[in-house]
Amino acid sequence: MNENTHNLYDAVLKRRSVYSLKNEIPVSEERLIEIIQYAVKHTPSAFNMQSARVALLLGVNHKKLWDMVKNILKHIVPEQNFAATEQKINSFAAGYATILFFNDTNVIEKMQAKFAAYKENFPIWAEQSAGMLQYLIWTAFASQGIGANLQHYNPLIDEEVCKQFDIARSWRLVAQMPFGTPAANAGAKDFLPIEELVKIKR
Ligand SMILES: Cc1cc2nc3c(=O)[nH]c(=O)nc-3n(C[C@H](O)[C@H](O)[C@H](O)COP(=O)(O)O)c2cc1C
């Protein structure tokens, strides 16, 4: 394994779902933004359609998001279960910031009109590309000592997110990623036998 491979393997291993987050990051805000922009720019997409969109919520906007999620869930989660929900939301709010991941439906619709034979595929390909982007940012963060986890309060919060953060409704929310310096390590993880997952045919 050469040094480059070693760095990649190291980052892949470090990337975990980190739920215990501090309201700080071990890099500057400029570096943070650079990582996000770099990942968005270089993540592949079908036909290079570049349908992925991101909003980085810093400071009061980060807090506003999780307050909003809490308020929406209050009307939905049974009262006796709400304390646990609130605790979970508070753990996300305790982080430094949140990335909102979107797919631009205008782009997807244009591609569907242009390449009618692949009409059904574009929304699926957009999701796949969004997943690649999430993974790239998550892994790049890990390599910089930033912990993150992945949440899906969409579509429950979609309308309010667009309203509060002045985002076009054509941007469809895909995922939310709260992050910050890890306050605790991720727990142990089970793995299925690799031979069941990967077939080598010689
Ligand atoms: C597509 C996808 C969706 C996920 N959704 C959630 C989620 O909504 N909430 C959550 O806490 N974790 C979510 N996760 C995190 C997984 O539970 C986690 O990645 C998995 O258990 C492996 O643990 P690790 O991330 O520490 O390696 C999601 C992961 C993926 C890849």
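**A chat about strands, a helix and a ligand shell**

Modeller: Strands 1 and 2 pair in the antiparallel sense over seven bridges; helices (H or I, at least four residues) and strands (E, at least two) are DSSP runs, numbered from the N terminus, and two strands pair if DSSP finds at least two bridges between them. This is a predicted model, where local features need pLDDT of at least 70, side-chain atom pairs count only at pLDDT 80 or more, and totals for chains, interfaces and linings use all residues. Residues are numbered from 1 along each chain as its sequence is written.

Biologist: Nice. Which residue stands opposite F102 in strand 2?

Modeller: That's R53.

Biologist: And how many bridges join strand 2 to strand 4?

Modeller: Eight, with the two strands running antiparallel. Strand 4 covers residues 171–180, and its A175 stands opposite F101.

Biologist: How many residues of strand 2 are buried?

Modeller: Seven of its eight, so to speak mostly covered. A residue is buried if 20 or more other C-beta atoms lie within 10 Å of its own, exposed if 12 or fewer, and partly exposed in between, with C-beta atoms placed from the backbone.

Biologist: Switching to helix 3, which residues are buried there?

Modeller: H62, L65, W66 and V69. Seen down the helix 3 axis, they fall within an arc of 85°, so they line one face; the arc is that of the directions from the helix axis to the C-beta atoms.

Biologist: What covers them?

Modeller: The cover includes strand 1 (52–58), helix 4 (82–93) and strand 2 (97–104). Contact here puts two C-beta atoms, placed from the backbone, within 7 Å.

Biologist: Which exposed residues sit on the face turned away?

Modeller: G59, V60 and N71.

Biologist: Where is the cis peptide bond?

Modeller: Between N154 and P155, with omega about 0°. P155 is in the loop between strand 3 (147–148) and helix 7 (158–164).

Biologist: Last one: which residues surround the ligand?

Modeller: R16, S17, N149, L150, Q151, H152, A186 and K189; near means a C-beta atom, placed from the backbone, within 6 Å.
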